[in-house]
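Subject: Model handover

Hi,

My notes follow below it.

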Amino acid sequence: MAKTFTPADVAQHDKETDMWLIIDNEVYDITKFVKFHPGGVAALIPYAGKDATEAFFGLHKIEILKKYERFRIGKIAGATGKSSLDLYDPAGVSPVPYSEPSFLQSLPSPYYNESHIKVRNGVAEFRERVLKPVAEQYENTGKLPTVELYQQLGKEGILACRLGPGPWLKEAVEKYGITLPGGVKPEEFDYFHELLCHDQMIRVNAPSFGAGLGDGFIIGLPPVLHFAQPALREKVVPSVIKGDKRICLAITEPQAGSDVANVVTTAKKSPCGKFYIVNGTKKWITNGMFADYFVTAVRTGGKGMFGITMLLIERTEGVKTTPISTSYGSGAAGTALVELHNVKVPVENVLGRVNQGFRCVMYNFNHERWMIIAQVVASMRATQDQTFKWAYQRKAFGKRLTDQPVIRQKLARMVSLTESMWSWLELITYQMNKMEFKDMMEKLAGPLALLKYQCTRAALQVADDAAQILGGRAITKTGMGRAIEQFSRTIKYGAILGGSEEIMADLGIRQALKNYPKHAKL
């Protein structure tokens with residue numbers, strides 16, 4: 001049972017050499033911490049022996065209390081209920097309004113069941129146990145994710161569940177000894193499970209490190225799953241899905257970004273006919289710095305889309321990767337310039353058919369764009385969560401920020417944008433569950449393109465409103481506004497990767513016009 005103290009007891013410990021504080025009815029002896037306080041002793045003296053709750057939460061996140069929980073020595077006599085620290089559960093469902101999908105906050109939904117909650121909780125628990133303790137170090141140092149970390153992602157099913165439903169999940173469980181998050185069975189798994197996996201992984205709150213944990217895998221392995229010859233598939237898939245090897249998608253070039261049909265990297269048959277000799281450069285390749293395999297778009301034929309082939313290239317002689325410094329501000333994502341100089345690739349490494357690689361690229365794009373949308377909307381919600389907490393606990397001009405109508409207006413706009421984007425995403429996810437892959441390619445390419453366009457536009461507004469509410473903290477890379485600063489700095493990734501906003505908007509309408517009824521008149 002915790003010791004109890006009166007405010008008078010605490011007041012006796014008001015010196016630099018003997019300092020206690022009250023925070024949220026809990027008593028902390030910070031005497032040994034005083035000389036290590038980042039703000040110096042002077043910042044603590046005014047609160048020595050007193051209740052510092054309001055001052056503390058005006059300057060610090062609750063994570064700081066958790067970090068220094070060892071200094072807690074008791075509670076104030078007569079205090080009832082649990083403290084904020086005792087209720088703090090970063091893997092749990094947040095009670096903050098609109099900080100979680102509504103079905104997690106006890107509202108009915110037609111889309112989810114208990115197995116979805118199990119996956120959500122399993123991923124959240126893994127994130128807090130394995131990823132959060134090292135995330136800040138990776139993010140700040142730019143260290144590349146280790147093979148050992150990837151193997152843990154593989155063993156506990158995080159990699160597998162980010163591929164979505166398919167026979168590979170049954171293989172992962174039955175052949176490779178992988179357990180899916182929450183112990184969910186492969187046959188239960190659908191796109192809503194995958195959606196919740198992406199949603200929870202975003203909350204590691206370290207954008208470069210988060211991208212380093214498998215963004216290249218998510219878009220790099222599907223072409224192998226769908227188009228590789230059996231022998232190649234058997235060689236590559238087990239090692240990648242277990243995390244022993246890493247993979248990335250290498251399409252973008254300095255000369256061709258969204259204009260995929262005009263890639264210039266060449267692959268020419270060797271005189272013996274057993275190899276392709278590949279020459280060219282790929283740029284902005286996520287996870288390229290540590291990838292063992294590169295799923296690469298090359299030109300084997302004439303100009304345009306019908307001269308493209310997809311090749312699986314192993315990291316071997318002639319493959320050189322150089323880090324690219326991006327808006328992440330960290331190298332943990334492993335974004336690379338990939339130089340290919342006379343690289344010998346066995347002809348068996350063709351994915352699909354020669355000169356029909358553009359089909360492979362398009363086949364992959366819907367899922368990639370859906371994943372990007374999921375990550376963007378999850379980031380919007382995480383930003384909203386942080387902003388709500390700050391606005392409620394921060395006081396200015398004698399009031400909480402939430403008492404100011406102008407702040408409530410900004411929160412209303414953030415919530416409206418986030419919830420509308422999530423609802424559209426849920427609808428498309430439901431449609432994905434009900435459609436064959438071929439039909440998804442034909443009928444959902446347009447809606448996904450338009451949703452990607454709209455959600456990245458909405459994310460800019462959410463980032464702007466959050467920054468205005470947090471003020472100077474939102475432009476500071478450390479402290480209470482760190483996540484807001486990161487979101488504001490990296491939001492354009494979603495607007496560019498997987499097809500720029502302009503391309504998405506145009507594609508969405510072009511797809512609609514393809515099926516325009518000629519008889520329809522005004």
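**Helix packing**

In α14, residues S379, M380, T383, Q386 and T387 meet A483, I484 and F487 of α17. Contact means heavy atoms within 4.5 Å. These contact residues divide into 4 nonpolar, 4 polar and no charged. Helix α14 covers residues 357–393 and helix α17 residues 482–490. They pack at about 145°, axes 10 Å apart. Axes are lines fitted to C-alpha atoms over the stretch in contact, with angles from 0 to 180 degrees between N-to-C directions. Helices are DSSP runs (H or I, at least four residues), numbered from the N terminus.

**Basis**

This is a predicted model: local features need pLDDT of at least 70, side-chain atom pairs need 80 or more, and totals for chains, interfaces and linings use all residues. Numbering runs from 1 along each chain as its sequence is written, and side-chain values use heavy atoms, without hydrogens or water.

**Aromatics**

The count is 16 aromatic pairs. Rings of Phe, Tyr and Trp (its six-membered ring) pair with centres within 6.5 Å; planes under 30 degrees apart are stacked, over 60 edge-to-face, the rest tilted. Y111 and Y112 have ring centres 6.3 Å apart and planes at 90°, so this pair is edge-to-face. Y111 and F192 are stacked, at 5.1 Å and 20°. That pair links distant parts of the chain, 81 residues apart. F192 is buried at 1% relative accessibility. Buried means under 20% relative accessible area (1.4 Å probe, protein chains only). Y112 is also buried, at 12%. F103, Y111, Y112, F192 and Y430 form one aromatic cluster.

Best wishes

How values were computed. Helices (H or I, at least four residues) and strands (E, at least two) are DSSP runs, numbered from the N terminus. Ala, Val, Leu, Ile, Met, Phe, Trp, Tyr, Cys and Pro count as nonpolar, Asp, Glu, Lys and Arg as charged, and the others, Gly among them, as polar. Buried means under 20% relative accessible area, exposed over 50%, partly exposed in between (1.4 Å probe, protein chains only).
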